[in-house]
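Trainee: Can we go through this one together? I'd like to talk about how its parts meet.
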Amino acid sequence: MKYRFGRPFPTDAVIKQVPLSSGSPAHFSLSREGELVTLSYPLSEGDAVYGLGEQMRGMNKRGWRYESWNLDDPIHHESRTNLYGAHNFFLVFGRECFGVFVDCAGRVEFDVGFTDRNVLAVTAKDFDLYLFEGASPLEIVREFRALIGRSYIPPKWAFGFAQSRWGYKTEADIREVYENYEKAGLPLDMLFLDIDYMERFKDFTVDKTRFPDLKAFSAEMKKKNIRLVPIIDAAVKVEKGYPVYEEGKKKGYFCTDEKGKPFIAGVWPGNSVLPDVLNPEARRWFGRKYKILLDKGIEGFWNDMNEPVLFYSEAGLKEALRLASETKEIACLDDYERVSHAFFSLQNNDDDYRTFYHETENGRIVHEAVHNLYGYNMTRAAAEYFAEYAPKKRFLIFSRSSCVGMHRYGGIWTGDNSAWWSHLLLNLQQLPGLNMCGFLFAGADLGGFGGDTTEELLLRWLALGVFVPLMRNHCNGSRPQECYRFTRTDVFRNILGIRYSLLPYLYSEFVRCAFENDMLFKPLSFCYPEDRRAATVEDQLLVGDSLMIAPVYTQNAAGRYVYLPERMKLIRMKAGDRFTEQVLEKGEYYIPVALDEVVFFLRSGKVLPLAKPAKNTAELDEKNLTWVKFTETPVQFTLCRDGGTSEIGKEDFETVTVEP
Ligand code: MIG
């Protein structure tokens, strides 16, 4: 059922025509304040609320408030209400079971039992509301996912291990990381280039002194089965003679201010302009710029700063400078605060988002009303161009900012987390919500982006990361955190190896989930709906159809408590082809987990294919698989055995019958 409130801007999140229903939506009561509509639902004692994508604070969202307003703020502490994405789908599971999608380009507020523990309230203006009824949470998710279209499937090599750091500046830096990985016998598929590869942070340029011949270098690395993955930022430097700026300006492809002049804001390159990716012509133009790097043999990108970030607006900065220069003397704290506030409030200021405009198919529109579509359409620009550049080929693309709809074009990473134990758990808890909203290819910065990691934290984090589609170690902290930097290189080698052993399973299940609108990561309650104990488990996940994981996420732990909602087989792995098995009945257990092992569980009646550990995805032997089994009757498992770089067809699936 679909209901309309106000005049929603088309987001292209939904791919099917749904007729508008008359009357008011079931489940909710309605109230209005000006243009704002609030839909309220009375929560019963046992109701859980799942969804909202990458939002923080648990899988069950009840008990906090959330906002869809894409924002770059690198401190992800518990009081945050919004991160980088607008993932406006949730479901209520309890007395009733129904799903809600708020299709809205602007700000949406979700008060999930915050103001009143027993009231869920959604507030927005100009939106379409979709309601989904179904017998189970998964059925509702599938209905929603069918409505928004198939999730992005990256090339298979993007399921390999990636090393990144904001700090690699030159070809020599990258080469050194590669060589250290090689020397230590650590598996690797990708090395990431952060903003320093560019010439003064100019998109689609390469600093010649740092990377004299990127084309030759990327070819050389590809021969070693390593892909280089450069970053692209949203903002374009204002600079005379810089073709991206000059062309875009001439053609009117940048967002404009009230007077129709390019809107200028400060980002990494200094004064910059924003490509108007909501204008289809400008979007095509921006997308075609990726060709510059594609022609150098690049096959993967990450899109950053596309909330979009404004360190300051030109107008805001002028005002702050004026205020500072007018203040001849700081006589008291008030004077100081007035001046410092003028500067500290410059970044991502709400007022600035009201002062620039997009030229869309639906006319000129103020940014604020379509804010959450920016990162989505920047990524869409790239993906639409890739399809033109090489129609049959799959490219890697993932974005920091996103919105439902973008899940068809690319993946995401969850931005600037910290090297905190709580963020390891957060990483786990974000995954089901993301899958519900269509984002299957996702991951967090393993080890933590900000702050200093430790060997123990990174090892524990990798033990979760081996199950997560995007497995990237990325950081900015002062302490380098490449896997060869620590004492127990052998342990890192084994754990990364386990990832490659699991790859046939992970990849096959990922592709199946994309085609069947399934979730790769499910909370326990989605599979054991009658089990009240399972409903409260916030630190375990089902991964695909066969596995349950329960990672360790506390410091100095020797293991952890795990709840088994059914009889399962515990698998303890020290390396990809060395494991022990132990059958455990349903119930609660303290499971010892050493730092040098990955422990997980195989469900009743299921099987798991394992490959031998490999150096990289190209060298992975997917023919000779070992089957781990927990079954007394033959079980079928469907492997996806495509080449990993082109379209996947029916012929790529092979259903194997595994004997007990
Ligand atoms: O404001 O490009 O989230 O992954 O390393 C920082 C530098 C800009 C933020 C990204 C992070 C990246 C960093 N970027």
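Mentor: Start with a term: buried area is the accessible area, with a 1.4 Å probe, that two parts lose on being put together, summed over both. Also keep in mind that this is a predicted model.

Trainee: Fine. What are the domains here?
Mentor: The protein is split into domain 1 (2–148), domain 2 (156–493) and domain 3 (505–658).

Trainee: How much area do domain 1 and domain 3 bury between them?
Mentor: About 1,200 Å² is buried between domain 1 and domain 3, and 57% of that lies on carbon and sulfur atoms.

Trainee: And how many residues of each are in contact?
Mentor: Domain 1 brings 13 residues into contact with 18 residues of domain 3. The centres of these two domains, taken over C-alpha atoms, are 30 Å apart.

Trainee: How many salt bridges cross that interface?
Mentor: Two salt bridges are found between domain 1 and domain 3. There is a salt bridge between the side chains of Arg142 and Glu516, at 3.9 Å from N to O.

Trainee: How many residue pairs are in polar contact there?
Mentor: Between domain 1 and domain 3, seven residue pairs are in polar contact, with both residues at pLDDT 80 or more.

Trainee: Which elements supply the domain 1 side?
Mentor: Strand 7 (89–93) and helix 1 (137–148) each provide at least two residues of the side touching domain 3. Helix 1 gives the most, with six residues.

Trainee: What is that side made of, by class?
Mentor: The side of domain 1 that touches domain 3 has eight nonpolar residues, three polar and two charged.

Methods: Residues are numbered from 1 along each chain as its sequence is written. This is a predicted model: local features need pLDDT of at least 70, side-chain atom pairs count only at pLDDT 80 or more; totals for chains, interfaces and linings use all residues. Side-chain values use heavy atoms; hydrogens and water are left out. Domain bounds come from an automatic or database domain assignment. Contact means heavy atoms within 4.5 Å. A salt bridge is a side-chain nitrogen of Lys or Arg within 4 Å of a carboxyl oxygen of Asp or Glu. A polar contact is a pair of N or O atoms within 3.5 Å; within protein, one must be able to donate a hydrogen and the other to accept it, and residues adjacent in sequence count only if both atoms are side-chain atoms. Helices (H or I, at least four residues) and strands (E, at least two) are DSSP runs, numbered from the N terminus. Ala, Val, Leu, Ile, Met, Phe, Trp, Tyr, Cys and Pro count as nonpolar, Asp, Glu, Lys and Arg as charged, and the others, Gly among them, as polar.
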